[in-house]
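Here is a short briefing on one protein model. Have the sequence and the structure open as you read.

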Amino acid sequence: MIGSDDGALFLTPLSGGLGKELDAQLATAGLVLSDPGSGRVPASREFLSNEDFWESVFAEKLRSRYRVRLQDFFLLEWFPRSPGLYHTPDAEWSRRTARAHFFTLPGDELERYRSSEPESPQVYTLDGKTRMLRGGYGCIRLRDRLTEDGRLWFMSASSSLVAHEGVPVGLTESAYDQVIEDIAVYGAVRAHLAGRVMFLPDAFTPLYSDYRRVPPLYVRVDRVEPLPMRWDTMSRKPLASAAVIFRSQTGSESLFEYDRYAAAYIDFVPGERGTLTKRIPWLVRYVETLHEGRIITDFDEYMPRFTDAVFSLEKISQGRLRPEEVANVFEGGGRRVNIENLFVQQNQLNVIRARMEQQVVMGDNFSDIGAGATIVNRSLLVNALNRVATRDGEDVAQALRVITEHVAESGDEAARENLDGLMEELDRPEPRKARLKTFWNGLVDAAPGVAQLGEAASKIMGLFA
């Protein structure tokens, strides 16, 4: 077991004060793990705003795997660094006290700041920025994750157009494909969203370690209904904020346990038409020139901005943290930090990732299928099973599981390719019968035993009869 008595897996926090900010970075390693919740699921609940959703969370009105509908929200590809924190009383107090910590820039630096097109006219000191982060600011952009519930893209759904104020969501492949082109261009997409509340195992709870009232969760979105942009948002812009931790040579009034560490962030408009590329040079100047700092974390796994960051999202997600680099970060900090457990856990998480790449859904569990087996596209299968169970019934979904297991054990690549096509078609809102029949016939030609699977074969054939 790694990191907890009940078997949850996570990368252990390294320190107290610094750990509160760094934990959010390490915690992304645990996104591959699933919600253990099960049982009867109640009717769907509808939410009209960020505040409505988080009030329900705080009042303990949401449980694992409840279906929810986020009505008229905006999807942004920036995931909240501290989900829900923004809406807590402590965070509101932290943001309010930050206003006493503005940084007075000399004329030339002020001009550089303004030329980066900031959303705020004020620049915070290091202490002010840390207070704003503890007030709920900060986002990260993540690549897709192959999780125990299929491949997911983690984003924010926000009624306010501000990513760090929103609801953390994980989009299935079909939902992601519906929206990503517009999100990439415009920074946000307006939509109705439907999915299930997924409570995170302890692997991801460091994201929530600064506060106790918010249970660790996200919404696994399986249905997206895009909407036209509202007239009242045309003059408003989507907003996100991105933070880094850095090691400063100048010391600071920072709230961190180690005075040599501090945090900084920028706000920006996301999307191709946004301001991130203009804002990053100011962030680098604030850290490296004004505070003689060295950045040790980043915020963008899709497009790494700081390739030398010791705790980059890419290194964490791929299990490539290096002991000598981590040890150097804490050298001279005045206190010994034990990093051995971090790398024991990283190695074991790497084993889990490797196993997941070699697994297939069998019944309700994920099991190894042995040497020589054909690896079925897990993401396609999970999405197709969800769609089929909802639209055609659990008996048809079970038939698809039986067919998948047979193809996996057959080791036939042509059979797998036809199965992939069949599953892609089944994941459409309205599968085309002719296409289903074509893929089924190709599957039977490649693996004739499929036709001998009795009721399972009949159930699938009934979809295009």
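Which element of the protein has the lowest mean pLDDT, and which the highest? Strand β14 (residues 365-368) has the lowest, at 41, and strand β2 (residues 67-76) has the highest, at 96. The model is predicted, and its average pLDDT is 79.

**Confidence**
- Of the residues, 73% score at least 70.
- Residues 203-212 stay under 50 in pLDDT. The model gives this stretch 37 contacts beyond four places in sequence.
- Residues 252-258 also have a pLDDT below 50. Their contacts beyond near neighbours in sequence number 31 in the model.
- Where pLDDT is low, predicted coordinates should not be read in detail.

**Second largest pocket**
- The volume of the second largest pocket is about 460 Å³.
- Its lining consists of 24 residues. E77, R141, A184, Y302 and M303 lie nearest the centre of the pocket.
- By class, the lining has 14 nonpolar, four polar and six charged residues.
- β6 (150-158), α6 (173-186) and α7 (276-288) each contribute at least two residues to this lining.

**Packing of α4 and α7**
- Helix α7, which supplies part of that pocket lining, also packs against helix α4 (residues 107-115).
- The angle between the two helices is about 150°, and their axes are 8 Å apart.
- From α4, the residues in contact are E109, R112 and Y113. From α7, they are R279, W282 and R285.
- What classes of residue make up the contact of α4 with α7? Four are charged, two are nonpolar and none is polar.

How values were computed. Residues are numbered from 1 along each chain as its sequence is written. This is a predicted model: local features need pLDDT of at least 70, side-chain atom pairs count only at pLDDT 80 or more; totals for chains, interfaces and linings use all residues. Side-chain values use heavy atoms; hydrogens and water are left out. pLDDT is the predictor's confidence in each residue, from 0 to 100. Helices (H or I, at least four residues) and strands (E, at least two) are DSSP runs, numbered from the N terminus. Contact means heavy atoms within 4.5 Å. On a 1 Å grid over the protein atoms alone, a cavity is a set of points where a 1.4 Å probe fits but cannot get out, and a pocket is an open set with protein on both sides within 12 Å along at least five of seven lines; lining residues have an atom within 4 Å of a point. Grid points are joined across faces, edges and corners, and a volume is the space filled by probe spheres set on the points. Ala, Val, Leu, Ile, Met, Phe, Trp, Tyr, Cys and Pro count as nonpolar, Asp, Glu, Lys and Arg as charged, and the others, Gly among them, as polar. Axes are lines fitted to C-alpha atoms, for helices over the stretch in contact, and angles run from 0 to 180 degrees between N-to-C directions.
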